Amino acid sequence: MRLISLALLGLSAASQAQTVTVSSPDGQLTVSINDDHALVQYQVSLAEQLIIAPSNLGMTFKRQAPFADGFKITNVNQSSHDSTWQQPWGEQQNIRDQHNALTLMLQSDDKKQGRYSVTFKVFNDGIGFRYEVPEQKGFDHSEITDELTEFAIADANQSTAWWIPARGWNRYEYVYNTTPLEQAAHVHTPFTFKTKNNVHVSIHEAALIDYAAMTLNQRRPGTFKADLTPWSDGIKVKKQGGFTTPWRTIQVAKQAIGLLNSHLILNLNEPNKLGDVTWVNPGKYVGIWWGMHINENTWGSGDKHGATTKNTIEYMDFAAQYGFDGVLVEGWNIGWDGDWFFNGDVFKFDQAYPDFDIKAISEHGKKVGVKLIGHHETSGNVTNYRKQMPAAFELYNRAGVEQIKTGYVADGGNIKRVDEQGIVRKEWHDGQFMVNEYLYNVALAAKHKLSINTHEPIKDTGLRRTYPNWLAREGARGQEFNAWGTPPNPPEHVPMLTFTRMLAGPMDFTPGIFDMSFNGLGDKTNRPQTTLAKQLALYVVLYSPIQMAADLPKNYLAKPDAFQFIQDVPTDWQQSIALGGEVGDFVVFARKAKATERYNGDDWFLGAVSDEQAREVTVKLDFLDANRRYEAQIYRDGADAEWKQNPYDLVIEKRIVTAKESLILSLATSGGTAIRFKAL
């Protein structure tokens, strides 16, 4: 790292304006920081094209003077970095971290304003920056009332945005909007948009720890300001002593698929803090889950109770026969009777219903080689859950459970926290309190060698790198909306998710529904608005290290040929490449299996999905290993396939291919193609 003192340059904090720049290793992205305004500002350019116009930096406090007017650059640290690190599991085994960095020390002549620094890291695929407030007099305790960070979009009036509303009742579970950028008023991140010159940009954050989540509020047209989610008392963030903020991230790509091939978010997170994580196991699972959503079973006890010993053992036998690692069981513990959405006070996480014998189930699982996957629904009462967590985790340790799906079903802003005085407070899912609560759950689970799959989560910001037992999250409209959502997920939903929500990290979407007609076919009912081939392609397109075969076993047995692809597809990858796509229209992914006990590490898999438009996509196979032959096992839409009335028209065929060839994929309306390239 190289320190440049402005004093050595003949400058002082009160001297003339200073501009400092840092560029990406390939020289294409440049960040410029300037102190010639009331607030320090930054801007971002791609190949001399302005992407982020001059935008403010700073923050304000309840007691301390703000980091606002009058701050100047006093010192500059510059550095470069180039290394490769390895994920214990993931969509990409080896990830290159190559960037140039710049840390600016900022101070005002008014000593009452304190001091802070901003660090920028510039990669070929985007930038990250964060604030650091050092230990200093007057900052023993800080309450942040606002973050002044801005993202002023150049040529905003000619940009297209894809977004969901922030701070709404349904958390992140909304259908995405496609609008001119100026219509995106208050949005969640990742927030994706395209400029008039077809540059694709996504604004998000990385390493969200002990801080409020950042939403974006468009105050002036084209200028989005950081809008931190507040505590119940209105304060945004509460800190003791010195602190750093999460990274504010801007991914930039000349083509849409460039966003999908970025590893910026992971690179801005700290390395694994858990040490040996060989106990964290990716895999596929089935579960007692979909039956409740389509009203064949109930979560609560009674004649239709799904979580029974008998049902679970039957699912375990099915899982063992067809190569699944685990069986998720929801509704097994006391508290589900009645309207469970409001049962947060009565859930017991170490007490089962009488018809669920967890010891007998555990013993059967050991015999057939299938794990029980745990489930904890809090209904938003996190205080009740935290009190029971140790006992609940110990029960799961005894039962051989390795993974837990947690749930925090509650309206946004309605998380129930009981404070030190016994007073009930209501918090947001993405406020600082809950950011810490989710991480507490993951960290305590790690001590018990348990992995977590969070539903109704805080958004993903790459913490799976630091805490590899945080396997996946929900955080968007999943498959269950196709059972009862009105409307269900539209045909464009998956190609929209890939360029928005999925930029944050793995999603437990729960793919693989084979019966589309439980409410009848057509477009007027709640049902998956896809073809069967598209359901298969989801296993490649939507990355998760724990993929569910979400439908009922009987529906897989009714279509055994199609079911074969779900049995074959892995969930842990050596390499992933986005080959084609446009936001909300279509996407094509290729992924190479990681070498494991089950996979030799030579096979590739491909998934392609379309929106409501039928289309042909030409895919070059040059991602395959050169000088090898492959048997392409193709699962594609038939000639008459279309999602409304004929979703089951599926053609399964085989052909020999090499890396020198191309394939033309014919995707039906809301259709797909799934391929296994088996190395010969």
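Predicted model: local features only at pLDDT ≥ 70, side-chain atom pairs only at ≥ 80, totals over all residues.
Visitor: In what order do the strands of the parallel sheet run, and which of them stand at the edges?

Guide: Strands are DSSP runs of E with at least two residues, helices are runs of H or I with at least four, and both are numbered from the N terminus; two strands pair if DSSP finds at least two bridges between them. Here 7 strands form an open sheet with parallel pairing, in the order β30-β29-β26-β25-β24-β23-β31. The edges are taken by β30 (470-473) and β31 (546-548), each of which has a single partner strand, so one side of each is left without a neighbour in the sheet. Neighbouring strands of this sheet are turned by 25° against each other on average, direction ignored, where angles run from 0 to 180 degrees between N-to-C directions and axes are lines fitted to C-alpha atoms, for helices over the stretch in contact.

Visitor: How do the side chains of strand β23 point, and are they buried or exposed?

Guide: In a regular strand the side chains alternate between the two faces of the sheet. In β23, Gly 283, Tyr 285 and Gly 287 point one way and Lys 284, Val 286 and Ile 288 the other way, and all are buried, that is, under 20% relative accessible area, with exposed meaning over 50% and partly exposed lying in between (1.4 Å probe, protein chains only). Since 6 of the 6 residues of β23 (residues 283-288) are buried, the strand is largely enclosed by the rest of the structure. β23 pairs with β31 in the parallel sense over 3 bridges, with Gly 283 opposite Ile 546, and 4 bridges join β23 to strand β24 (residues 326-329), also in parallel, with Gly 287 opposite Leu 328.

Visitor: Where does Asn 453 sit, and what does its side chain meet?

Guide: Asn 453 belongs to strand β29 (residues 451-455), which is joined to strand β26 (residues 403-407) by 5 bridges in the parallel sense. At 5% relative accessibility Asn 453 counts as buried, and its side chain makes a polar contact with the side chain of Asp 508 at 2.8 Å. A polar contact is a pair of N or O atoms within 3.5 Å; within protein, one must be able to donate a hydrogen and the other to accept it, and residues adjacent in sequence count only if both atoms are side-chain atoms. Leaving aside neighbours within four places in sequence, Asn 453 is in contact (heavy atoms within 4.5 Å) with residues including Tyr 285, Thr 406 and Ile 546.

Visitor: How are α4 and α5 placed against each other?

Guide: Two packed helices are described by the angle between their axes and the distance between the axes. Helix α4 (residues 309-322) and α5 pack at an angle of about 15°, with their axes 10 Å apart. They are therefore roughly parallel to each other, a term for angles under 35 degrees, with over 145 counted as roughly antiparallel, 65 to 115 as roughly perpendicular and the rest as oblique. Residues making the contact include Ile 313 and Met 316 of α4 and Ile 361 and His 364 of α5.

Visitor: What strands does β17 pair with?

Guide: Strand β16 (residues 191-194) pairs with β17 in the antiparallel sense over 4 bridges, and Phe 193 stands opposite Val 201.

Terms used: Residues numbered from 1 in each chain as written. Heavy atoms only, no water.
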